Amino acid sequence: MRLETLEIETGPAPTAAILLMHGLGADCHDFEPLAQELDLSRIGEVRYVFPNAPQIPVTINGGFV
């Protein structure tokens, strides 16, 4: 299975990557503003990868998906 992901690159040849794993109830678009808010220009161009996990019932969350 391939996860749905949102990828944002700050330039044509990224030399670094940030993979953001988020928690229950969020999706990849919730963290999209981070790509504009973080100033990482000192390390060069960055690829941000925001994956979405599959949706499944969570026991500790009362079985809600």
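Predicted model: local features only at pLDDT ≥ 70, side-chain atom pairs only at ≥ 80, totals over all residues.
Strand 1 (5-9) and strand 3 (46-51) pair in the antiparallel sense over 5 bridges. Within this pairing, glutamate 7 stands opposite valine 49 of strand 3.

In a regular strand the side chains alternate between the two faces of the sheet.

Leu6, Ile8, Cys28, Ala35, Val46, Tyr48 and Phe50 make up the largest nonpolar core, which has 7 residues. Strand 1 and strand 3 are the elements that give two or more residues to this core, and the largest share, 3 residues, comes from strand 3. Apart from its neighbours within four places in sequence, alanine 35 is in contact with Ile8 and Tyr48.

The structure holds 2 salt bridges, and Glu7, Glu9 and Arg47 are linked in a network.

| Salt bridge | N to O distance |
|---|---|
| Arginine 47 with glutamate 7 | 3.9 Å |
| Arginine 47 with glutamate 9 | 2.7 Å |

Arginine 47 lies in strand 3 and glutamate 9 in strand 1, so this pair ties together parts that are 38 residues apart in sequence. For arginine 47 and glutamate 7, the parts tied together are 40 residues apart. Arginine 47 is partly exposed, with a relative accessible area of 30%. Glutamate 7 is partly exposed at 46%, and glutamate 9 is partly exposed at 39%.

Terms used: Residues numbered from 1 in each chain as written. Heavy atoms only, no water. Core = buried A, V, L, I, M, F, W, Y, C linked by side-chain atoms within 4.5 Å. Buried < 20%, exposed > 50% of the residue type's maximum accessible area, 1.4 Å probe, protein only. Helix = DSSP H or I, 4+ residues; strand = E, 2+ residues; numbered from the N terminus. Contact = heavy atoms within 4.5 Å. Pairing = 2+ DSSP bridges. Salt bridge = Lys/Arg side-chain N within 4 Å of Asp/Glu carboxyl O.
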